2 protein chains.
Amino acid sequence: MTSLGGASEERGGELATASRIRDAAIARFGRDGFRAGLRTIAADAGVTAGLIVHHFGSKDGLRRACDERVLEFMRREKKKALTDGTGTMLLAQMAQVEQFAPMVLYLLRSMQAGGELAAELIEHMISDAEAYLSAGEAAGVVRPSRDRAARTRYLAYQATGSMLLWFTLHGGDAEPEKFPALFRRYMDELTLPALELFTEGLLVDRSMLDEYLMYVPDPPSAASNAADQDGTAS
Amino acid sequence: MTSLGGASEERGGELATASRIRDAAIARFGRDGFRAGLRTIAADAGVTAGLIVHHFGSKDGLRRACDERVLEFMRREKKKALTDGTGTMLLAQMAQVEQFAPMVLYLLRSMQAGGELAAELIEHMISDAEAYLSAGEAAGVVRPSRDRAARTRYLAYQATGSMLLWFTLHGGDAEPEKFPALFRRYMDELTLPALELFTEGLLVDRSMLDEYLMYVPDPPSAASNAADQDGTAS
DNA sequence: CACCAGATTAAACACTCGTTCAACCGGCCG
DNA sequence: CGGCCGGTTGAACGAGTGTTTAATCTGGTG
């Protein structure tokens, strides 16, 4: 309510119908996945299926609207808590707020299904991690890496992917009520091993790393984000 | 072919029809996901949709048969290369073999969708990691952990989840031809940061870990797999 | 050969899906 | 008042889905 950054919609006394449909779609998609039918969403919003396509053109148009909404929400919320921690913690925080939980669920479904939103999401996660790690490096609490970009991507993928997998397995039902508790359980299980690994590592000696470093010439120059599709090797 | 452990099927000169259907289903499910239609699978196997349900009872029965097949395959293959490395590397190896690639793809789809096979799979991954880490610990190359089970689960979820996410985003098309190359690219991007993190850690000092250890009493006894739903703290 | 059991097929059934269409209703403007 | 126009509805359509059913083909056995 009282959307602070609301640009050009839902200014009326009650929610505009289109926004209501879109929010219902986010909640329903988050709950049931994207195979949820238009009629179900319509019933949730108190309208008819035909009206949805009248407003959004098609089911895909509705999904794009949902994506846009969630993405804008993410951008807005990120600014408020940038210094706080990794993207996973940000998501965990947001999931605690009852109003935001459907968005987080929708995000998880998006990453489960792949697609544009998911790609953009992981890019956000990476840039978050980049900022976080850079700040830590500058402050002297994070070790420098031989390939900063690669490490950033690695950490973001690990954190996001394991969270996604955890919820796919343990939260398949995806009831929005149990959702915050699930998130807390995940963080509880996670925190100690993560901190342990981050401070002490896993291996006692450097032989594996040194071996690898001897094997490959120098990592940081090659293997960036530009378009190299296939490796040279067969 | 020449299934060494084949118990009671496909002993004839050519593939039995049921097996052919099942293999086609594995390939098609891996390629298109589980929303692939029975008629498509039937066409792949050169039969009719009705025959599939005649042999497997229902689409769900077919999926169960596929799950069983893939799981048995995993068990068999795991024995052959247990000492080699983590479950991720095992999957990467198998994906290189053209004949096994469809199974790996099917596995990825399963974890994407959740369900029983996925749960059993991650349990395999965890037990693999357990064996691998225990051996490393005994050999003196892996540091001991304050909570071994939690660390094992953590590492297994991270490795598996990040791989799943990576393929969801970069391999959505899922053509079995480009699949081994994708896997190689994933490993290439991954290896350096992983080794770095495993040998050197991420943080320079122990303050975060010590703070956390001071905050929670003792991790290894509590917080197991039994049913504790909500924490005592508000 | 007769007969039966299983494999296999083509068609039909019941259902859901996204989308389309014609109609209706309520304001707003001329 | 008349007319238009966007919001909204309910019914219909066509293309899918999984499943069922009756019929056909095939091979082995008494």
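In which helix of chain B is B:Ser110 found? B:Ser110 belongs to helix α6 of chain B, which covers residues 101-113, where helices (H or I, at least four residues) and strands (E, at least two) are DSSP runs numbered from the N terminus. The model is predicted, so that local features need pLDDT of at least 70 and side-chain atom pairs count only at pLDDT 80 or more, while totals for chains, interfaces and linings use all residues. Residues are numbered from 1 along each chain as its sequence is written, chains are lettered from A and ligands numbered from 1 in the order in which they are written, and side-chain values use heavy atoms, with hydrogens and water left out.

Chain A gives the overall setting. Its secondary structure comes to 10 helices and 0 strands, and reading along the sequence gives the pattern α-α-α-α-α-α-α-α-α-α. Of the 234 residues in chain A, 45% are buried, a term that stands for under 20% relative accessible area, against over 50% for exposed and partly exposed in between (1.4 Å probe, protein chains only). Taking contact to be heavy atoms within 4.5 Å, 62% of the contacts in chain A between residues at least 6 apart in sequence join residues at least 24 apart. The accessible surface of chain A is about 12200 Å², and 54% of that surface belongs to carbon and sulfur atoms; such areas come from the Shrake-Rupley method with a 1.4 Å probe, and for residues only the protein chains shown count as cover.

Returning to B:Ser110, its relative accessibility is 1%, and B:Ser110 therefore counts as buried. Leaving out residues up to four places away in sequence, B:Ser110 touches B:Phe34, B:Arg63, B:Asp67, B:Leu117 and B:Ala118. B:Ser110 and B:Arg185, by contrast, are 75 residues apart in sequence and 22 Å apart in space, C-alpha to C-alpha. In chain A, A:Ser110 lies in helix α6 (residues 101-113) and is buried, with a relative accessible area of 0%. When neighbours within four places in sequence are set aside, A:Ser110 is in contact with A:Phe34, A:Arg63, A:Asp67, A:Leu117 and A:Ala118.

The next element to follow is helix α3 of chain B, residues 49-56, in which B:Ala49, B:Ile52 and B:Phe56 are buried. Seen down the axis of α3(B), these buried residues fall within an arc of 55°, so they line one face of the helix; the arc is that of the directions from the helix axis to the C-beta atoms. An α-helix has 3.6 residues a turn, so residues three or four places apart point the same way. Just after α3(B), B:Gly57 takes a positive phi of about 85°.

Helix α3(B) also brings us to the DNA. With 4 residues, α3(B) gives the most to the surface near DNA strand C, where a residue is near a strand if one of its heavy atoms lies within 4 Å of it. Both α2 (38-45) of chain A and α3 of chain B supply at least two residues of that surface. There are 16 residues around DNA strand C, of which A:Leu38, A:Arg39, A:Lys59, B:Thr48 and B:His54 come nearest, and sugar and phosphate account for 57% of the atoms of DNA strand C that come within 4 Å of the protein. Among the polar contacts, which are pairs of N or O atoms within 3.5 Å (within protein, one must be able to donate a hydrogen and the other to accept it, and residues adjacent in sequence count only if both atoms are side-chain atoms), a polar backbone atom of A:Leu38 is 2.8 Å from a phosphate oxygen of DNA strand C. A polar side-chain atom of A:Lys59 lies 2.4 Å from a phosphate oxygen of DNA strand C.

The surface near DNA strand D receives the most from α3(A), with 4 residues. A phosphate oxygen of DNA strand D is 2.6 Å from an N or O atom in the side chain of A:Thr48, and a phosphate oxygen of DNA strand D is 2.7 Å from an N or O atom in the side chain of B:Lys59.
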